[in-house]
Amino acid sequence: MNARPPDFERLLKAAVLKILQETPSVPMETDLNPSNLGTREYWDDTYSTELQNYEDSNGVDVGEIWFGFESERRIVNWISKMDILKSAQILDIGSGNGSMLLSLHKNEYTNLTGIDYSEAAVSLATKVATDRRINTITYRLADITASAEAQQSVPEIFDRKFDLCIDKGTYDAVCLAPENSKEKRVAYMENVAKILHSDGYLIVTSCNWTKDELITQFTDFTFIDELPAPHFQFGGRSGNTVTALVFKHPVQSLSSFVHSVLLVSALAVIQ
């Protein structure tokens, strides 16, 4: 039996990675109709109003809970089921008023970060956490579709690795952008892959895309699970009001593929 050189696995991994990098991803042929929901201005206006309402109500009215408390409960339940450490680094992409992170805080998760490209949203979420004397949540003004140059101003986000990223509607908003929607979607996925730990998870909740559409668009990620969502029937057809999927980091998919290639190579050598 011929012996393989000691660095055979490393060289093979590098070769496979190069092949995958040079293989074009499935094109994003499907578009949503542009909407003001995909603009920073809309969310600045929305959260400026919610911040004013919060202050006027003496901290009672925190604003709209995107997809509702049930959506947050399903996410927390899934995280608990997976035995993700309470100290895991968790990022909420498009954190809005911070409701998702407040739910995680109530369930004793301690390393929580939220980012939003709306300054008003960051102000509101920070004030809510401060008023409740919560010091385990940090908010930063950041755009998940930021260019490499823009990322340099927020190194605490883009030079970091998270164990779990959560998105409740932000990918939807990116897809609704009136300008450069496809480019922003690509940037979104590249940046999430960059900051997600090699064995980390991404949870995406959408009201605009079906399960199959999301899996097709997140082609470089590995689909892991679907969270239960409200179900409806109408006119003999059934569906979900929202879709919530869990993906694994692209590197994890690559590792599994390389492992399979190595196994086949080893069997070939033995034979």
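This is a predicted model: local features need pLDDT of at least 70, side-chain atom pairs count only at pLDDT 80 or more; totals for chains, interfaces and linings use all residues.
## Briefing: aromatic pairs and nonpolar cores

Phe247 is buried, at 0% relative accessibility. The structure holds 12 aromatic pairs, and its largest nonpolar core has 37 residues.

**Around Phe247**

- Phe247 pairs with Phe221: the ring centres are 6.5 Å apart and the planes stand at 70°, so this is an edge-to-face pair.
- Phe221 belongs to the loop between helix H10 (211-217) and strand E6 (222-227), while Phe247 belongs to strand E9 (residues 243-248), so the pair ties together parts that are 26 residues apart in sequence.
- Phe221 is buried as well, with a relative accessible area of 7%.
- One aromatic cluster takes in both residues, together with Tyr171, Tyr188, Phe218 and Phe223.

**Charges over rings**

- Lys248 places its charged end over the ring of Tyr201, 3.8 Å from the ring's centre.
- Lys86 does likewise with Tyr109, where the charged end sits over the ring at 4.2 Å from its centre.

**Nonpolar cores**

- In the largest nonpolar core, the members that touch the most other members are Trp78, Ile79, Ile90, Leu104, Leu164, Ile166 and Ile203.
- Helices H2 (40-56), H3 (68-81), H4 (99-106) and H5 (119-131) each supply at least two residues of this core, as do strands E3 (137-141), E4 (162-168), E5 (196-206) and E9.
- The most is given by H5, with 7 residues.
- Ile79 is in contact with Ile84, Leu104, Tyr109, Leu164, Ile166 and Ile203, leaving aside neighbours within four places in sequence.
- Another core, of 30 residues, lies apart from the largest one; among its members are Leu91, Cys175, Phe218 and Phe221.
- For context, nonpolar side chains in soluble globular proteins tend to be buried together.

**Cysteines**

- A search of the whole structure for disulfides finds 0.
- Cys165 is buried, at 0% relative accessibility, whereas Cys207 is partly exposed, with a relative accessible area of 43%.

**A buried asparagine**

- Asn191 sits in helix H9 (residues 181-195).
- With a relative accessible area of 7%, Asn191 counts as buried.
- Not counting residues up to four places away in sequence, Asn191 touches Ile144, Thr145, Ala146, Gln151 and Phe158.

Key. Residues are numbered from 1 along each chain as its sequence is written. Side-chain values use heavy atoms; hydrogens and water are left out. Helices (H or I, at least four residues) and strands (E, at least two) are DSSP runs, numbered from the N terminus. Buried means under 20% relative accessible area, exposed over 50%, partly exposed in between (1.4 Å probe, protein chains only). Contact means heavy atoms within 4.5 Å. A disulfide is a pair of cysteine sulfur atoms within 2.5 Å. Rings of Phe, Tyr and Trp (its six-membered ring) pair if their centres lie within 6.5 Å; planes under 30 degrees apart count as stacked, over 60 as edge-to-face and the rest as tilted. A charge sits over a ring if NZ of Lys or CZ of Arg is within 6 Å of the ring centre and within 35 degrees of the ring normal. A nonpolar core is a set of buried Ala, Val, Leu, Ile, Met, Phe, Trp, Tyr and Cys residues joined through side-chain atoms within 4.5 Å.
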